[in-house]
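Dear colleague,

Please find below the structure I am handing over to you, followed by a short account of what was found in it.

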Amino acid sequence: AESKPAGEAPAAPLFPALTLLGASVDSDVTLTIRNDGATLRGRTYGAPGYRLIVKLLTNGRVVQDRWLELPGDLRHGETATLAFPALQKADTLQLYHAIQDIPMLEPEPWEVRDVR
């Protein structure tokens, strides 16, 4: 195994392996995710952290989107519940991977869920 120099933060995985365990859209959007891959760094000083992009759609049109931080590091097998206020009703939820401060082209969602 390759070791990192002392003080160097591990890089974020290029392709995180998350599973959406639960999703609800009421007055709040609540998501429960499980990490099935390498540790995702939520908050590491001096290194970009993992972000989850959530898009809510109604009839195929984005009505709300939000970038979410993890509450902390998420190790293999651990779960996290994330929530934020829903501004309006939606019928579809899409989830995307992102890395803080790293520009990207519009990615494909890693999860699409009907939330009616």
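Strands β2 and β5 run antiparallel and are joined by seven bridges; strands here are DSSP runs of E with at least two residues, numbered from the N terminus, and two strands pair if DSSP finds at least two bridges between them. Within this pairing, Thr30 stands opposite Ala83 in β5. The model is predicted, so local features need pLDDT of at least 70 and side-chain atom pairs count only at pLDDT 80 or more, while totals for chains, interfaces and linings use all residues. Residues are numbered from 1 along each chain as its sequence is written, and side-chain values use heavy atoms, with hydrogens and water left out.

The two strands belong to an open, antiparallel sheet of three strands in the order β1-β2-β5. Its edge strands, β1 and β5, each pair on one side only.

A further open sheet has four strands in the order β4-β3-β6-β7, again with antiparallel pairing. At its edges lie β4 and β7 (111–114), each pairing on one side only. Eight bridges connect β3 and β6, and Leu57 stands opposite Thr92 in β6.

Yours sincerely
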